[in-house]
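Visitor: I am new to this structure and would like a short tour. Could we begin with the aromatic rings?

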Amino acid sequence: MNKNTQTTVVVDSDGLPRGFLEPAADRRTIEFEITQDGIGIIRLNRPDKLNAFDERLIREMRTVVWKANFDENIRVLVITGNGRAFCAGRDIRGLDYENNLTTPQYRAYVRANHELFDDIEAIEKPVIAAVNGICAGGGVEMAIACDFRFASTQASFLLPENQLGVIPASGACSRMIQMIGIGRLKQMIMAVEAIDADEARSIGLVNKVFEPDDLMPNTMAFARKLLTKAPQAMGMAKHIINTCQNVDTETGRLLERLGQSVLIRTEDNKEGMGAFQNKRPAKFRGV
C-alpha cells in the first residue's frame, strides 16, 4: 500500500490489516512459526490443561488465522498440540461464567467459539490438523473444521458433552453428519463412545494414521505437497466443496461454473496449461 494513501484501516508492523481482532500483546497459549517454504505451524500450548481452549487461546488463534489470510508467505497451515493432547475442548473453568449468562447473552458469547472454527474452515488456504493425542469436545470440532486430519496412533476422539447434560454445539452435530454418517455420529454424541485413531480412519474422520514419531514428518511432507498446487484453485475448491454440502446439486453445479469462470482467467491457469503441454512441473504463484 502506498504510504501516502489515506485510509482508516489499521495495519500492523508487517503492513497487514489488523482487522476486527485485537491481537494479544504476546502469545501465551499458542506457539506459531512459519517455515522457510511457507508452512505456518500453530501449536496449542496449554499442555498442563490438555490444550483446552479459553478466551485467550481463541483470541490468539483467531489473530493468527486472520493474519494468515493476508500473509502471502503463508501457503499452508498446520494445527497440532504440545504435550499428550491435541485439544481437550473448552476449559471447564470458563463454563461457570458462560452457563450463568442469559440465553441471548450465552448465544452471543459462545459465538466466538464458532467463529474460530468458521475462520479455519473459510480461510482460502489448506489447513491440516495433526492430532497428536487426546482430542475431545471442542478439540474434535476444531479438527473437523480443518481440511485434512492426520492422527497419531495414540490419538483418541471423544464427544463427552452428554455427561454434562448438554450437546457438542460448536460444529460436531452439523459438520460431522456428512463426514461420518448419522448413525456413527449418534454413537459418539448420544452414547458418548470414544473411538481410537484406526476406527477414526475407517469411518472417514481422519485421513491417515501414523506412529507418534512419524506424525509431524508425514504431516509436513503432505503440507509441502500442497505447496506445489495452485493456491487460488485450492481456495476456490475449498469454498465450493464446503458449500456444496448444504445445497442442491443444481446449485452446486452453478457454483462450480462460477468458480471455474474465475480460475480460467488466472495466470496460474496459463502456467498449468503450459506446464502440462510442455511436460514440466508447474510453478504456481497464486495469481
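**Aromatic rings and a helix**

Guide: Phe148, Phe150, Phe210 and Phe222 are linked into a cluster by ring pairs. Rings of Phe, Tyr and Trp (its six-membered ring) pair if their centres lie within 6.5 Å; planes under 30 degrees apart count as stacked, over 60 as edge-to-face and the rest as tilted. This is a predicted model, in which local features need pLDDT of at least 70 and side-chain atom pairs count only at pLDDT 80 or more, while totals for chains, interfaces and linings use all residues. Residues are numbered from 1 along each chain as its sequence is written, and side-chain values use heavy atoms, with hydrogens and water left out.

Visitor: How many aromatic pairs are there by this rule?

Guide: The count comes to six aromatic pairs. In one of them, the rings of Phe53 and Phe117 have centres 6.1 Å apart and planes at 85°, so this pair is edge-to-face.

Visitor: Which parts does that pair tie together?

Guide: Phe53 lies in the loop between strand 2 (39–44) and helix 1, and Phe117 lies in helix 3 (residues 103–122), so the pair ties together parts that are 64 residues apart in sequence. Helices (H or I, at least four residues) and strands (E, at least two) are DSSP runs, numbered from the N terminus.

Visitor: Is Phe53 buried or exposed?

Guide: Phe53 counts as buried, at 2% relative accessibility. Buried means under 20% relative accessible area, exposed over 50% and partly exposed in between (1.4 Å probe, protein chains only). Phe117 is buried too, at 1%.

Visitor: What about Phe150 and Phe222?

Guide: Phe150 and Phe222 form an edge-to-face pair, 5.1 Å centre to centre with 65° between the planes. Phe150 is in strand 7 (residues 148–152) and Phe222 in helix 8 (residues 212–226), 72 residues apart. Both Phe150 and Phe222 are buried.

Visitor: Turning to helix 8, which of its residues are buried?

Guide: They are Leu215, Thr219, Met220, Phe222, Ala223 and Leu226. Seen down the axis of helix 8, these buried residues fall within an arc of 160° (taken from the directions from the helix axis to the C-beta atoms), so they line one face of the helix.

Visitor: What do they pack against?

Guide: The buried residues of helix 8 pack against strand 2, strand 3 (76–81), strand 5 (127–131), strand 7, strand 10 (208–210) and helix 9 (231–244). Contact means heavy atoms within 4.5 Å.

Visitor: Lastly, where is Ala68?

Guide: Ala68 is in helix 1 (residues 55–70) and is buried, with a relative accessible area of 1%.
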